[in-house]
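Please consult the sequence and structure shown below while reading.

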Amino acid sequence: MRAALANMGGAPPVRRAAFGAAWAGAAVLFGFVYAYMAFNFSPLVLPVLAVGVGLAIVTVTRPEVGIAAALVLSPLQSIGGGGGVVKLFLLAWSVFLFTLALLNSRHRPAGKRMPFLVTAVLLYLAMAVVAFALASDPTEARRLLRTLVTGLLLFGTTAVTVRTRSQVGWILGGATIAALLVGGLATTDYLRGTGSTGGFLTDSGEVVSRVTAGFAHPNQLGGFLVLLVPMSLAGMVLYRKMRWVHAAAVALAIGGIYASFSRGALIGLALVPFVFLRGRRTLVIVPVLALLVSVAAPNLLAERFATLTTSGGEASSRLDIWHSAVSIWQTHPIAGVGLGSFPQAYASARIPGKAFLPQTIFEPPPHAHNLFFHTLAEEGLVGLLVLIGLLVLAGRTAWRMRRRNDRWSSVMGAGMLAALVAFVVHNFFDVTLFDGSTAFYFWTLLGLICALPRVEGDPENAPEPDAAPSGELVPAPG
């Protein structure tokens, strides 16, 4: 462009005039298109399209950038409005990423046999398709299957693409930006007293609001953020250039989890440091951490957990729902009642004393408040066994990485294992596997776990040569 303008100085007047007219016409056309798009749709449509095209061009040569972008966009389904458009875009973007991954994999030498984790993921997809065929609510089943397929495309892209530590750094960076956005919004809403829905009653009669930050329920918010905390912790330890950004994301995510008052997320968060700890220092640090938590924890947390034992509290309701899920499974023991069919099956089941949602007459719960009971009811015993096998294989791979002697592999293994533990603990009291934002991170997490054993070191993001200082919540080699 600059050279063309420089050469125009010696060009004939007619050519200079033609060149100027062409650029003026292009400017007028761009202005007309922008005005049309802004008037009929939104002023942001054309800039977003331009950014999308530029991002696609970069992603062709740096697919990890595209994965990071998908992770940043994922929570916009909940907090940014226009969730349907974002979901469709993420589906199309995931197809684009997966296609690039398959094309790039053709130029690589043949590797080892397919990991068992990939086989387990394919089996889970097969069971979901069977459950989709059995569903009594096709609309809800299509939504859930679309979410699952988008997540599995991200899983495949991550597992095939990631081969270097710098690529892992990009993915952790995407998770960190999402944690900054969502955690910052949740913390701000809590401090301002906005963005809340529902709450709980303390012993003193005070009503404490629970923040959602745009998510459907505070538990969904907590389940999303608790999955990101270990990923940002690993990035904080291993990637020096982004250390303070990762640290800020961890702090804001913890603030968001607190603002959600999700007990499952709080328990999962409390377990994260113990997964990172290793060796003899655990015997010293664990009691100290337990003492600090018991002394420094806000009184509202104690009040929140105290509601479990109140008469007619949530614990008894969850037990009733779990019992109902088992009863539903007993009528369809092999393949379950179908994907997304739990509410209908719950409403029509003849179960004495079954509970419905608060402040409603006969509105059934959207899920079984436990991923395993929910899977048992909707996908039967086969689906539950496949899910458990999938989680066990992922945990086994992350555990082996955690036990490696080099610091980078050990920290990454601990981070992935901690995220998996936090997810399982939270989903023992809730179901977030099919929540759009959390589902994409869960499957990307599994893709990272699948790729980590084959990740090679590279100089641009090599781990620091010094050992972790004593008392740091990072696994030491050996």
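## Aromatic pairs

Rings of Phe, Tyr and Trp, the last by its six-membered ring, form a pair if their centres lie within 6.5 Å. The model considered here is predicted, and the structure holds 14 aromatic pairs. One of them joins Phe224 and Tyr441, whose ring centres are 5.3 Å apart and whose planes stand at 85°. Planes over 60 degrees apart count as edge-to-face, so the pair of Phe224 and Tyr441 is edge-to-face.

This pair connects distant parts of the chain, as Phe224 lies in helix H10 (residues 218-238) and Tyr441 in helix H19 (residues 436-451), 217 residues apart. Phe224 is buried, with a relative accessible area of 0%. Tyr441 also counts as buried, at 0% relative accessibility. Elsewhere, ring pairs link Tyr124, Phe423, Phe442 and Trp443 into a cluster.

## A buried threonine

Thr158 belongs to helix H8 (residues 138-161). With a relative accessibility of 0%, Thr158 counts as buried. When residues up to four places away in sequence are left aside, Thr158 touches Ile67, Ile171, Thr444, Gly447, Leu448 and Ala451.

## A nonpolar surface patch

Ile267, Leu271 and Phe274 make a nonpolar surface patch of about 210 Å². Of these residues, Ile267 is found in helix H12 (residues 263-276). Is Ile267 buried, partly exposed or exposed? The relative accessibility of Ile267 is 33%. Buried means under 20% and exposed means over 50%, so Ile267 counts as partly exposed.

Technical notes
Residues numbered from 1 in each chain as written. Predicted model: local features only at pLDDT ≥ 70, side-chain atom pairs only at ≥ 80, totals over all residues. Heavy atoms only, no water. Patch = residues over 30% accessible without salt bridge, like charges linked within 9 Å, V, L, I, M, F, W, Y side chains within 5 Å. Areas by Shrake-Rupley, 256 points an atom, 1.4 Å probe, with all protein chains shown as cover. Salt bridge = Lys/Arg side-chain N within 4 Å of Asp/Glu carboxyl O. Helix = DSSP H or I, 4+ residues; strand = E, 2+ residues; numbered from the N terminus. Buried < 20%, exposed > 50% of the residue type's maximum accessible area, 1.4 Å probe, protein only. Phe/Tyr/Trp six-rings, centres within 6.5 Å; stacked < 30°, edge-to-face > 60°. Contact = heavy atoms within 4.5 Å.
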